[in-house]
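Me: I'd like to learn how to read a fold like this one. Could you walk me through it, a feature at a time?

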Amino acid sequence: TVLAYPPAALWPLGWGMLVPLFWAVERTDPRRAGLLTYAYSVLRGLLIVRWLVHALAVEYGVATPAAWAFTALLVAVYALPPAFAVLVYRYLRPRLGKAAAPLVLGALWALFEWLRAGPLALPWVLVAHTQAPVPLGFQLADLGGSTLVGFVIVSVNAALAHAIVSGSLRPLAVAAGLLAFSVGYGTWRLAQLSELETDLRVGVIQAAVPQAERFQPGSAERNTARHIALTRDLLARQPLDLVVWSETAVDTELDAAPELVEQLALLARETGTPLVTGAPRSRDGRRTNSVVLVTPESGLDDSYDKQRLVPFSEYDPALFGWLAPLLGPVTAGDPYVPGNPRLLLGSTLPLATPICFEITYPGLVRELRGRGAELLLNLSNDAWFGRTGYASMHFLHARFRAVELRSWVVRAANTGISAVIDPAGRVVDSLPLFAEGTLVAEVAPAGRPAVYARLGDAPILLLLGAFVVSAVFASRGLRR
């Protein structure tokens, strides 16, 4: 399972990684099946999200035991939904037929995974994410998001496990049908998106500033000058319609640094090119993590403030203040306040600019698309997490958003992964981790929103829930 996710990202394993677990689940009682799944999920979580320990202990300076304790507590919560999914399934299992059982397990797993990713706000390491390296594997996301993709993958795993346990070929027919559905739909959609017209040239700056060289005395001036030099060099080689810097590329409160505002305005005027950059702001007593638009005509023209803040690092969660002493340095400094959903206007296109891990919340990004966004810019700073695989895991969320919204996605990350992703989830160009550089790509305004962009999660949740209920009643009295 761990190898199916970044950094290894061996995506074929996703189609069989749960088979050993489900094989064991079929051979035990409900309580033990739930406990076994919980233990599996905890171990999976600790092995994969070790990047959180790196950020806390190495970058923030939290004591290593405390960093592991906080990570373990988070993983302990993260592991509950799949355990409950299997527990419910095992109680229902005697009432399910051989063909229906794998689909019910897939539906329950997908429903509880949605609960973790949405209401519980832990959208990491979803089953669907194993397929992000291969666009063919997640085109279904434009119909039902990662929930539908996850349902198909888990059901295939369950069908393979059922075939082994029962010695029956019927579950294999279920697996083959689901694979044919996913591959067939993916092939059709990719064929439709094989030739994409473009009419906008966007440049991305990846300055690769180490975290230790940010938010220090004089660092804002040095790092802004570094970005300006890279931008001028890029624009000297070719004209562009837009240039994008990363989250907090200007690493000081912009409203308290008028000289930096003037430097940005001067860059836009002299080059004739709008600039989008991340920078903290402080207006009317509100401290925000923001993205600003600087235009040749108006200078600092518009601003978007991050809505979903990082607990403890960016704000103090009221119900979990008791954890603050465990994190120590993470909670230092004044908290940010959340912003509201809005677009950046005044450039060549209406821009949605989710900041950092806001890209992991499809509902947030979908709302911006619904407000008329025609291009999605994701500004981030993943320097906190080193080379632990986090950057790749964060990046795959952007690929899913591209397919769900059928929109181009331009990602500017301080230390990478910076990239341009087309509406089919294909990476057009990218910059490697911890490498200073620039890239240019041609993009286009988003077209008509796909089904998932218009309707969200409700239809797939209702369909999966209705399927579970109908399968239980339809299979009543059938023997295992």
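Reply: Happy to. Let's start with the sheet: six strands make an open sheet in the order S5-S4-S3-S2-S1-S11, with mixed pairing. At its edges sit S5 (299–305) and S11 (437–443), each pairing on one side only. From one strand to the next, the twist averages 35 degrees. This is a predicted model, where local features need pLDDT of at least 70 and side-chain atom pairs count only at pLDDT 80 or more, while totals for chains, interfaces and linings use all residues. Residues are numbered from 1 along each chain as its sequence is written, and side-chain values use heavy atoms, leaving out hydrogens and water.

Me: Which way do S1 and S11 run?

Reply: In general, strands of a sheet pair through backbone hydrogen bonds, either parallel or antiparallel. Here S1 (residues 200–206) and S11 run antiparallel, joined by seven bridges; Gln206 stands opposite Gly437 in S11. Strands are DSSP runs of E, at least two residues, helices are runs of H or I, at least four, and both are numbered from the N terminus. Two strands count as paired if DSSP finds at least two bridges between them.

Me: Is strand S7 buried or exposed?

Reply: The general idea is that side chains in a regular strand alternate between the two faces of the sheet. In S7 (residues 375–380), Leu375, Leu377 and Leu379 point one way and Leu376, Asn378 and Ser380 the other. Six of the six residues are buried, so S7 is largely enclosed by the rest of the structure. "Buried" is under 20% relative accessible area, "exposed" over 50%, and "partly exposed" in between (1.4 Å probe, protein chains only). S7 also runs parallel to S6 (residues 351–352), with two bridges joining them; Leu351 has Leu375 as its bridge partner.

Me: How do H7 and H8 pack?

Reply: Look at the angle between axes, which are lines fitted to C-alpha atoms (for helices, over the stretch in contact), with angles from 0 to 180 degrees between N-to-C directions. H7 (residues 141–166) and H8 (residues 170–192) pack at about 150 degrees, with axes 8 Å apart. They are therefore roughly antiparallel (under 35 degrees is roughly parallel, over 145 roughly antiparallel, 65 to 115 roughly perpendicular, the rest oblique).

Me: Where is Ser246?

Reply: Ser246 is in the loop between S2 (242–244) and H10 (258–271), and is buried, with a relative accessible area of 1%. Beyond its neighbours within four places in sequence, its contacts (heavy atoms within 4.5 Å) include His227, Leu379 and Ser380.
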